[in-house]
Amino acid sequence: MPTILITGGHSGIGLECVKELAARGVDIVLAGRDLARLDETAAALRLRCGVKVTTLGMDVSCLGSIREAAAQCRRMIESGEIGRLQAILCNAGATFRGEPSYTKDGYELTFATNYLGHFLLVQLLIDSLEEDGRVVFTASGTHDPDTTDGKFIGRAVKPDAFALAKTGLDGNKRLPGGKRYTTSKLCVVLHAYELDRRLKAAGLRISSIAYDPGAIAATGLLRDVPGPARAMIGSRPVRWLMKRVGLTLGDLVQSGRALAHLAVSSDVLSGRYYQWKDGALHERRSADLTYDQMLAEALWRDSRTLVQLSPEEEPERLK
Ligand SMILES: NC(=O)c1ccc[n+]([C@@H]2O[C@H](COP(=O)([O-])OP(=O)(O)OC[C@H]3O[C@@H](n4cnc5c(N)ncnc54)[C@H](OP(=O)(O)O)[C@@H]3O)[C@@H](O)[C@H]2O)c1
């Protein structure tokens, strides 16, 4: 049975994705920071689908936690407790309104959670993927500043890893919450493409894909928005209006299933961007800036410095 690791698989889009994967007989590794909720989800999936579901404690905003979790994952593979990974789904993400806050590592929380943590996770686990394995990144249409999605909560800025990690500190410009989110997702898409180029250059069959599930109010993403406002955003008239102004709307169940499709289907192309829109999955063009290879290389190089990747941690496959 294939084994797929997902971050943020116990709620929202990730949960709908793992329900679909488990129904297709895929063994799951649920990685997250809330072990009680992970265990609860794991028990329900085992009962419903009879697949193997393993939980892995991991705070994606904390580099130490990712290192520990990746080491544990590799030990489980070596001991045969879980299979080699068919896919890694970098799905966990969050928005943080108001003033920036910083992780234990000293990096801005949105950038660390949505982008940098998954960068490190992929470095540490790429050697644990099957030869035809896959990495899927849950990005967001908000990453593209030239679209209505990208203008809605604040247009992404040019991604400079050091400035983003230290937003509001050390003389770096302070970015508002919306821009911190959209720019972190711009980094996610740049990373997905750069990983694809490096995998191809190394002659590997592993694929790397970016995905926009569309806007969905019924997940935990808007958890810090007051209840009434959240209910209003999810209401039919507001959804209708959002569509009218050109926003890309997702659907909790369908967008989650589309993520599962991207994880396992053979009709998916590496180095591409997929979006759930109008009831179907489409391959489409991402923001112009995401095709800037020099920018992507710089982001990769600076991210390695920020996560302090040691020579022993260098993935064999990408050397
Ligand atoms: N909903 C939308 O409109 C929308 C649109 C485009 C893209 N997306 C993206 O879709 C992905 C899934 O989001 P969602 O909408 O399904 O929201 P969600 O229900 O809040 O799911 C986000 C998941 O990420 C996990 N997570 C957050 N911070 C974490 C951390 N530091 N360490 C480990 N796990 C962490 C959460 O776990 P906890 O329970 O521990 O917080 C949760 O399981 C995100 O990447 C989001 O940016 C969402």
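**Cysteines and the strand around them**

I start with cysteine 90, which counts as buried at 3% relative accessibility. My cut-offs are under 20% relative accessible area for buried, over 50% for exposed and partly exposed in between, with a 1.4 Å probe and protein chains only. The model is predicted, so local features need pLDDT of at least 70 and side-chain atom pairs pLDDT 80 or more, while totals for chains, interfaces and linings use all residues. Residues are numbered from 1 along each chain as its sequence is written, and side-chain values use heavy atoms, without hydrogens and water.

I searched the whole structure for disulfides (a pair of cysteine sulfur atoms within 2.5 Å) and found zero. For cysteine 90, the nearest cysteine sulfur belongs to cysteine 73, 12 Å away. I then checked cysteine 187. Its closest cysteine sulfur is in cysteine 90, at 14 Å, which is too far for a bond. Cysteine 187 is buried, at 0% relative accessible area.

Next I looked at strand β4, residues 85-90. Five of its six residues are buried. Helices (H or I, at least four residues) and strands (E, at least two) are DSSP runs, numbered from the N terminus.

Which strands pair with β4? I count a pair if DSSP finds at least two bridges. Strand β1 (residues 3-7) pairs with β4 in the parallel sense over four bridges. Isoleucine 6 stands opposite leucine 89 there. Strand β5 (residues 129-138) runs parallel to β4, joined by five bridges. Isoleucine 88 faces valine 135 in β5. From β4 the chain crosses through helix α4 (residues 109-125) to β5, a right-handed β-α-β crossover. Right-handed means that, with the strands pointing away from the viewer, the path from the first strand over the helix to the second runs clockwise.
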